[in-house]
Amino acid sequence: MGFLFSQRALLLEKALLLRSTYPQVFRNRVTWEARNTKGARLRAPFSVGFAFRFSPKLYTTGQKGTLTGTRLSGLERGTMMVSMPTVHVRDTIELDETEEKIFERLLGTLDHHKLKTELRVAGGWVRDKLLGKECKDIDIALESMMGSAFAEKVRDYLKSVGEEVHFAVIQSNPDQSKHLETARMRILNVWVDFVNLRCEEYSDDSRIPTMQKYGTPEQDALRRDLTINSLFYNINTKSVEDWTNRGIEDLKCGKIVTPLRPKDTFMEDLLRVLRAIRFGARFGFVLDEQLKEAAACDEVKAALSAKISRERIGTEIDLMISGNQPVQAMTYVCDLKLFWTVFSLHQQCEPLEGCDSDCVAYLDYTWNLIQSVGSSTFNDEQRRLSFYAAMFLPLRKTMYKDRKAKDVPVVNYIFRDSLKLRVSDAETVVNLHNALEKFLSLLPHFVPNGDVKLTEVDLGREYVDVPLTSKESKLRVLTGFLLREIKDFWRVALLMSTLLHPTDVINKNFKPEDRRALFVEAEKAIYNLGLDKVWEVKPLLNGKEIMDALQLKSGGPVVSKWQRKLLAWQLAHPSGTAECREWLKETHSSSTRSAGDRRN
């Protein structure tokens, strides 16, 4: 058996996460051997698991070669050519016009108030500028001054030259791992944060600082989350500073490494575990082995669950799902055994073994399918929620009982309690799961030669008196009602239903082109039925007109029932207009007589 590889393959240090079309096979560990193009082995064999983790120690950036793999059973082999491109890092930082003006104002503040402090831009802005990317998130680290004190000086200076600005102070909150007070100000329509360089002391039994004082640039850099985020741009000297002596090198090599021991760095702020994953996925960088060991240890997982607010966890996860590599990010989460720490379930629910891997696999299939269909088919919000809905497909039928003994989808709990995301997100994903189940019964009728019969029970007893003259009219009614429920997300629900029809992709080789063909055919059929934007179609008669036609004295449930019947008639007869009123009167009269006969 040969292996075909798609998007989820990790190209060693420049991570392109490799995903086999045989997911069940790769639940077992695989031993790989790396050979160059001449057939010579590059280094000793190494092992990878389901997520195809390649050891970064075995290769250098830019190296090319062939990976040949053999399952431990020795029954299957696979070969793949790999190439690890180098990360281009600029030697200097080029400021745009707005950044130059902002920094001029900050230096003007120093001159105006005769301050001796040095100003440094810290973190992500420096990293992104060195990578040639734009970044409008400017964090200023200050020597010997608090952020709020310097923000006051900036405000006073700008006021003296005719510019009015305001700032806000975000207080420290050690219980939520926010140890520093931050002042925020908007200059030239760009948010700028001011905070002091830090140096902290800790007690033996806690990573919450017992004392904070002004630190040096080196002390501050070593306290940051990652080496690639510990770089400074000195505004005074217009130069890049690398106080860890490895930040630029790790950036060039594409490595995610902590400045200090990973466990110490994580325990200082547990959210750094998820930030490391997010940056690794975002840039396609490899996570350091010691970092992975620390992130996966029980102490760190327990602290992450207990100490970090669910809002902060949800924000990080949402950034991953909305980012450029959600599959790779969630694979890291799964590999590090953090999946159920992050996506915690209600206490009544227990995840099945391998469920986390299945969740990531469905996400991977959906990502590949969207790329095959064309990502422009969906807007950003539809893509984001489609990834959540796909990832939670294995949990779509899992329920728990609320206080009123009502069944509630555990997916709802994950959104509202585990991630603290919007209620509307939970509702949309649950609705997508419900809609895809309905699409599964309709898909056979959207493809050519679909000979499955649409039975009366499909519509329900409420609509038995709606005249349906053909299979197409019945299909229009069923599909129309479904699209009116899910509205703009109907393509998302349709796309995911193709993952389960005719067979579940998790149990069979995944061929994106086959599922894409099914999606395109079904989408075309829905267009041909004239149902796109059907939720915007206005009813032929409003509630008052229905009451007048049926001579009803009051509205309520009776009018609602006839509104639904009228909509079914309208969907079945898209060109009908005036005759609907006559049908409404006749049907109501007939049902009234039938009800009277039953009473007699």
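Confidence, burial and pairing in a predicted model

Trainee: Which residues does Arg-155 touch, not counting those up to four places away in sequence?
Mentor: Arg-155 touches Val-165, Phe-167 and Met-185, with residues up to four places away left out. Each counts as a contact because heavy atoms come within 4.5 Å. Keep in mind that this is a predicted model.

Trainee: Why is Arg-155 called partly exposed?
Mentor: Its relative accessible area is 32%. Buried needs under 20%, and exposed needs over 50%. The value for Arg-155 falls in between, so the label is partly exposed.

Trainee: Where does Arg-155 sit, and how far is it from His-166 in space?
Mentor: Arg-155 is found in helix α3. Arg-155 and His-166 are 11 residues apart in sequence and 6.8 Å apart in space, C-alpha to C-alpha.

Trainee: What does helix α3 lie across?
Mentor: Helix α3, residues 147–160, lies across β7, β8, β9, β10 and β11. Helix α3 runs at about 25 degrees to β10.

Trainee: In what order do the strands of the open sheet come?
Mentor: Seven strands, in the order β9-β10-β11-β8-β7-β14-β15, with mixed pairing.

Trainee: What makes β9 and β15 edge strands?
Mentor: Count the partners. β9 (167–170) and β15 (239–241) each have a single partner strand, so one side of each is left without a neighbour in the sheet. Neighbouring strands of this sheet are turned by 30 degrees against each other on average, direction ignored.

Trainee: How do you know that β9 and β10 count as a pair?
Mentor: Pairing requires at least two bridges. β9 and β10 (residues 182–187) have four, so they count as paired. The sense is antiparallel. In β10, Ala-183 is the bridge partner of Val-169.

Trainee: Why is helix α18 called largely enclosed?
Mentor: Eight of its eight residues are buried, so the rest of the structure largely encloses it. The helix spans residues 490–497. Trp-490, Arg-491 and Ser-497 are among the buried ones.

Trainee: Which helices do the buried residues of α18 pack against?
Mentor: They pack against α13 (355–373), α14 (380–391), α16 (423–446), α17 (471–486) and α19 (512–528).

Trainee: How many residues are in the largest nonpolar core, and which have the most contacts inside it?
Mentor: The largest nonpolar core has 157 residues. Leu-106, Phe-194, Met-330 and Tyr-388 have the most contacts inside it. Helix α13 gives the largest share of this core, 11 residues. A second, separate core of five residues includes Ala-122, Ala-141, Ala-221 and Phe-232.

Trainee: What does Met-330 touch, not counting residues up to four places away in sequence?
Mentor: Its contacts are Ile-317, Met-320, Ile-321, Phe-343, Val-360, Leu-363 and Met-391, with residues up to four places away left out.

Trainee: What makes Lys-136 and Asp-96 a salt bridge?
Mentor: The N to O distance is 2.9 Å. The cut-off is 4 Å, so the pair qualifies. Lys-136 is in the loop between α2 and β8, Asp-96 in the loop between β6 and α1, 40 residues apart. The structure holds 36 salt bridges.

Trainee: Are Arg-312 and Asp-269 buried or partly exposed?
Mentor: Asp-269 has 11%, under the 20% limit, so Asp-269 is buried. Arg-312 has 23%, so Arg-312 counts as partly exposed. They form a salt bridge, with the closest N and O atoms 3.5 Å apart.

Trainee: How confident is the predictor, and where does pLDDT stay under 50?
Mentor: The protein averages a pLDDT of 82, and 78% of the residues score at least 70. pLDDT stays under 50 over residues 174–179, for which the model has 25 contacts beyond four places in sequence. It also stays under 50 over residues 202–207, with 11 such contacts.

Notes:
Residues are numbered from 1 along each chain as its sequence is written. This is a predicted model: local features need pLDDT of at least 70, side-chain atom pairs count only at pLDDT 80 or more; totals for chains, interfaces and linings use all residues. Side-chain values use heavy atoms; hydrogens and water are left out. pLDDT is the predictor's confidence in each residue, from 0 to 100. Buried means under 20% relative accessible area, exposed over 50%, partly exposed in between (1.4 Å probe, protein chains only). Helices (H or I, at least four residues) and strands (E, at least two) are DSSP runs, numbered from the N terminus. A nonpolar core is a set of buried Ala, Val, Leu, Ile, Met, Phe, Trp, Tyr and Cys residues joined through side-chain atoms within 4.5 Å. Axes are lines fitted to C-alpha atoms, for helices over the stretch in contact, and angles run from 0 to 180 degrees between N-to-C directions. A salt bridge is a side-chain nitrogen of Lys or Arg within 4 Å of a carboxyl oxygen of Asp or Glu.
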